[in-house]
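I opened the model and kept notes on surface, fold and core. The entries follow in the order I looked things up.

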Amino acid sequence: MKRVTAIIKPYKLDDVREALSANGVNGMTVTEVKGFGRQKGHTELYRGAEYVIDFLPKIKLEVVVEDAHVEGCIEAISTAARTGKIGDGKIFVDSVERAVRIRTGEEGDQIL
């Protein structure tokens, strides 16, 4: 099993969720986060004063899939989240050694 973690723009969440659902992903975890990469934030004016916004709002999306579905998952996220502008996000993939469903005690691929 692999965990696919994606950092995306907040307004792209619904598009990515629909793309993953169409790809057979049954569940996901979504967290509101803040951060920056090459975007480096921006400045805003508030009541005549200029403020630097260093950390931009992002969405962190995590899904656990079988090894065979990783490439399809990455493709679905990439296509749905892409705007072609800086700050579209990143995708990370790492291994999951063990997964246990708390309610039933099922383990491994059974819980997906």
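I took accessible areas from the Shrake-Rupley method with a 1.4 Å probe, and for residues only the protein chains shown count as cover. On that basis the protein chain has an accessible surface of about 7,800 Å², and carbon and sulfur atoms hold 49% of it.

I noted that this is a predicted model, where local features need pLDDT of at least 70, side-chain atom pairs count only at pLDDT 80 or more, and totals for chains, interfaces and linings use all residues. Residues are numbered from 1 along each chain as its sequence is written, and side-chain values use heavy atoms, with hydrogens and water left out.

Next I looked at the fold. I found 2 helices and 6 strands in the protein chain, in the order β-α-β-β-β-β-α-β from the N terminus. These are DSSP runs numbered from the N terminus (helices H or I, at least four residues; strands E, at least two).

Then I went to the largest nonpolar core, which has 16 residues. Such a core is a set of buried Ala, Val, Leu, Ile, Met, Phe, Trp, Tyr and Cys residues joined through side-chain atoms within 4.5 Å; buried means under 20% relative accessible area, with a 1.4 Å probe and protein chains only. Val4, Val16, Leu20, Val63, Val65, Cys73 and Ile77 touch the most other members. At least two residues each come from strand E1 (2-8), helix H1 (13-22), strand E5 (56-65) and helix H2 (70-81). H2 gives the largest share, 6 residues.

Last, I checked Leu20 for contacts (heavy atoms within 4.5 Å). Beyond its neighbours within four places in sequence, Leu20 contacts Val25, Met28, Leu61, Val63, Cys73, Ala76 and Ile77.

How values were computed. Buried means under 20% relative accessible area, exposed over 50%, partly exposed in between (1.4 Å probe, protein chains only).
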